[in-house]
Amino acid sequence: MRISTKGRYGLTIMIELAKNQGDGPTSLKTIAQANNLSEHYLEQLIAPLRNAGLVKSIRGAYGGYVLADTPSKITAGDVIRVLEGPITLVEGIEDEEPAQRELWIRIRDAIKAVLDNTTLEDLASHSDDTDIDGYMFYI
């Protein structure tokens with residue numbers, strides 16, 4: 001499965017909205033500038049998210065977008081499905097040998113589980129404080 005820029009940037013929009021939840025609407029211009037993205041491209045992505053009921057638009061001078069629900073109730077899977085379509089790994093899986101079909105199904109289900117169990121709240125509250133190096137070596 002490959003997530004395109006539609007899915008990645010759409011998730012970026014949603015994470016930014018989750019971070020600003022309760023602070024009023026956030027403009028796409030603000031999100032675009034903060035993430036060095038094209039505002040025009042973000043405008044194309046927000047429409048399907050709005051149509052799916054994941055975001056609400058607020059008109060006016062101080063308008064923008066807000067999440068339609070709390071960040072804890074919207075998952076990464078919700079966003080990816082709206083922008084990328086159904087989560088599939090292999091086309092024509094029913095024609096595969098049983099062992100291969102089982103493998104593809106297990107991989108697909110694992111991907112779905114990660115996406116469906118990761119909320120916008122999880123993503124918005126993530127910090128870079130995690131130890132990437134993790135191990136300390138002494139000589």
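## Asp116 and its salt bridge

In this predicted model, Asp116 has a relative accessibility of 31% and therefore counts as partly exposed. Its salt-bridge partner is Arg81, with the closest N and O atoms 2.7 Å apart. Arg81 belongs to helix H4 and Asp116 to helix H5, which covers residues 98–116, so the bridge links distant parts of the chain, 35 residues apart. Arg81 is likewise assigned to the partly exposed class, with a relative accessible area of 29%.

Side chains of opposite charge can pair when their charged atoms come close. The count for the structure comes to 2 salt bridges.

## The Arg108–Asp109 salt bridge

Another salt bridge joins the side chains of Arg108 and Asp109, with an N to O distance of 2.9 Å. Arg108 has a relative accessibility of 24%, so this residue counts as partly exposed. For Asp109 the relative accessible area is 37%, and this residue is therefore partly exposed as well.

Thr75 is located in the loop between strand S2 (64–67) and helix H4 (76–84). With a relative accessibility of 12%, Thr75 counts as buried, because the cut-off for that class is under 20%.

Once residues up to four places away in sequence are set aside, Thr75 touches Leu115, Asp116, Thr118 and Thr119.

## The aromatic pair

The structure holds 1 aromatic pair. It consists of Tyr9 and Tyr41, whose ring centres are 5.7 Å apart and whose planes meet at 80°, so the arrangement is edge-to-face; planes over 60 degrees apart fall in that class. Tyr9 lies in helix H1 (residues 5–19) and Tyr41 in helix H3, so the pair ties together parts that are 32 residues apart in sequence.

Tyr9 has a relative accessible area of 22% and is partly exposed.

## Asn36 and its backbone

Asn36 is found in the loop between helix H2 (28–35) and helix H3 (39–51). Its phi is near 55°, a positive value in a residue other than glycine. The relative accessible area of Asn36 is 71%, so the residue is exposed, given that this class begins over 50%.

## Architecture and overall dimensions

The chain contains 6 helices and 2 strands. Read along the sequence, these elements follow the pattern α-α-α-β-β-α-α-α. The radius of gyration is 18 Å, well over the 14 Å that the globule rule gives for 139 residues, so the chain is more spread out than a compact globule. Along its principal axes, the C-alpha trace spans about 60 × 55 × 25 Å.

## Burial, contacts and surface

Among contacts with a separation of 6 or more, 67% are accounted for by residues 24 or more positions apart. The chain exposes about 9,300 Å², and carbon and sulfur atoms supply 50% of that area.

How values were computed
Residues are numbered from 1 along each chain as its sequence is written. This is a predicted model: local features need pLDDT of at least 70, side-chain atom pairs count only at pLDDT 80 or more; totals for chains, interfaces and linings use all residues. Side-chain values use heavy atoms; hydrogens and water are left out. Helices (H or I, at least four residues) and strands (E, at least two) are DSSP runs, numbered from the N terminus. Buried means under 20% relative accessible area, exposed over 50%, partly exposed in between (1.4 Å probe, protein chains only). Rings of Phe, Tyr and Trp (its six-membered ring) pair if their centres lie within 6.5 Å; planes under 30 degrees apart count as stacked, over 60 as edge-to-face and the rest as tilted. Contact means heavy atoms within 4.5 Å. A salt bridge is a side-chain nitrogen of Lys or Arg within 4 Å of a carboxyl oxygen of Asp or Glu. The radius of gyration is taken over C-alpha atoms; the globule rule is 2.2 Å times the number of residues to the power 0.38. Accessible areas come from the Shrake-Rupley method with a 1.4 Å probe; for residues, only the protein chains shown count as cover.
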